[in-house]
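Trainee: Could you show me how to read a structure like this one? I would like to go feature by feature.

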Amino acid sequence: MIVLFGLAIGIVAGFFFEPTVPTGLQPYLPIAVVAALDAVFGGLRAHLDGIFDDKVFVVSFISNVLIAALIVYLGDQLGVGGQLSTGVIVVLGIRIFSNVAAIRRHIFHA
Amino acid sequence: MTGTAGTTRPPSSSYGGLLTQIMNDTLDADYQVVAARREREPASRHGRNRLAVVVVLAVFGLMVGVSALRTERSRPEAAAERAALISQIHDRQARLTALHGRLGTLQTDISDAQTSLGNATAAGSRAALRIRTLSTLAGDVAATGPGVVIRADNAEGSTGAGTGGVILDTDLQALVNGLWQAGAEAISINGYRLTALTSIRYAGQAITVDYRSLSPPYIIAAIGNPDALPAQLLETPGGQLWTALRSNFGIRFHLARSQRVVIPADVTDRLRYAVPAGAR
């Protein structure tokens, strides 16, 4: 429950303190959020599978965010930022859907 | 998923194609690796990294909050931009329609103007042709063409008027009138163009044409049909007079046909009072 508390604190802090994102990082924030979402759903599924590990979750979260932002940054430098963003979002979206499907199977046993 | 995964991946994931691989290996293999290791050596490291998980999740919440906030903030701006663009599109479309209408009007105007230009050009070229004909006839421009050249001179040895051997102004008037009657189209005497207003008079001892004194011999050039002109001239009163003058008084008269007679323009500008009636 303390985990959910952390999530709630983050969201509330985001809404109330409105931290300014540096303009250079602003284009990568949505992609980073999607990547983080993938890590969070992966962690949730692992938790339901009973194999959740704190260290693995932290590492996968950070690396997901960094790699997604890096890929998009690289695409921007190469002039294919839009296409690479689409690719990253498609792959992460598929993973998120599959993980959510697995989570659903755990919860509803269906 | 079963917790038996090792460091080497199952071969199926290598061959199943990229999409299949993405769809099947959704769970980070690390979870399985760590779980397997924990089964082997059940050292309890639980709780040490719980704080890190909380921090990471807080960061995640922060990211979600910030990006949701940003999207929410930029929504009215985007809507305003969109509305502005739509109104611009409508403005431009209305302008385009107006311009299309104007284009149609202008094209109609152009074709009207082209038609009237064609008419004007045709009328202008007809008028120019008529001006050329009329100015040739009026003596305003030099004329050239086939015709006859008459050389007339006093009788040999005659010196003064009244002896009968001297050409009088009336004689020249009769000759010129005879040439006009015979069908001459342009006449000059000693290089002076005769027009409708030219006078031939006797003044002192000399004949004047337009008050310019001439001395014999008189060269009368006339443009007309060189074959018909001499014969027709003889049938006119002027021609008959000159036949009589030659046979009775010995006045010299010689007529030569020419294929090319040049008659200069009348250089004086005569019309000082008359203007074309009906002109503006």
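**Reading a two-chain model**

Mentor: Let's start with one residue: with 15 C-beta neighbours inside 10 Å, B:Phe249 counts as partly exposed. The rule is that a residue is buried if 20 or more other C-beta atoms lie within 10 Å of its own, exposed if 12 or fewer, and partly exposed in between, with C-beta atoms placed from the backbone. This is a predicted model, so local features need pLDDT of at least 70 and side-chain atom pairs count only at pLDDT 80 or more, while totals for chains, interfaces and linings use all residues. Residues are numbered from 1 along each chain as its sequence is written, and chains are lettered from A and ligands numbered from 1 in the order in which they are written.

Trainee: Where does B:Phe249 lie?

Mentor: B:Phe249 is in helix α7 of chain B. Helices (H or I, at least four residues) and strands (E, at least two) are DSSP runs, numbered from the N terminus. Along the sequence, 84 residues separate B:Phe249 from B:Gly165, yet their C-alpha atoms are 5.2 Å apart in space.

Trainee: How many helices and strands does each chain have?

Mentor: Chain B has seven helices and eight strands, whereas chain A has four helices and zero strands. Chain A reads α-α-α-α along its sequence. Of its 110 residues, 33% count as buried; in chain B, with 280 residues, buried ones make up 21%.

Trainee: How do I describe two packed helices?

Mentor: Two packed helices are described by the angle between their axes and the distance between the axes. Here, axes are lines fitted to C-alpha atoms, for helices over the stretch in contact, and angles run from 0 to 180 degrees between N-to-C directions. Take α5 (residues 169-182) and α7 (residues 237-249) of chain B: their axes come within 7 Å and cross at roughly 135°. The pair α5(B) and α7(B) is therefore oblique, as angles under 35 degrees count as roughly parallel, over 145 as roughly antiparallel, 65 to 115 as roughly perpendicular and the rest as oblique.

Trainee: Which residues of α5(B) and α7(B) make the contact?

Mentor: Two residues are in contact if their C-beta atoms, placed from the backbone, lie within 7 Å. From α5(B) they include B:Ala174 and B:Leu175, and from α7(B) they include B:Leu241 and B:Trp242.

Trainee: What about sheets?

Mentor: Strands of a sheet pair through backbone hydrogen bonds, either parallel or antiparallel. Two strands pair if DSSP finds at least two bridges between them. In chain B, five strands form an open sheet in the order β3-β2-β7-β1-β8, with antiparallel pairing. Its edge strands are β3 (192-193) and β8 (252-263), each pairing on one side only. Strand β1 (residues 143-153) of chain B is joined to β8(B) by 10 bridges, and B:Gly147 stands opposite B:Ser258 in β8(B).

Trainee: Which loop holds B:Asn190?

Mentor: B:Asn190 sits in the loop between β2 (186-189) and β3 of chain B. Its phi is near 50°, a positive value in a residue other than glycine.

Trainee: How many residues of each chain are in contact across the two chains?

Mentor: In chain B, 30 residues are in contact with 37 residues of chain A. On the chain B side, α2 (18-24), α3 (29-40) and α4 (50-138) each supply at least two residues. The largest share, 18 residues, comes from α4(B).
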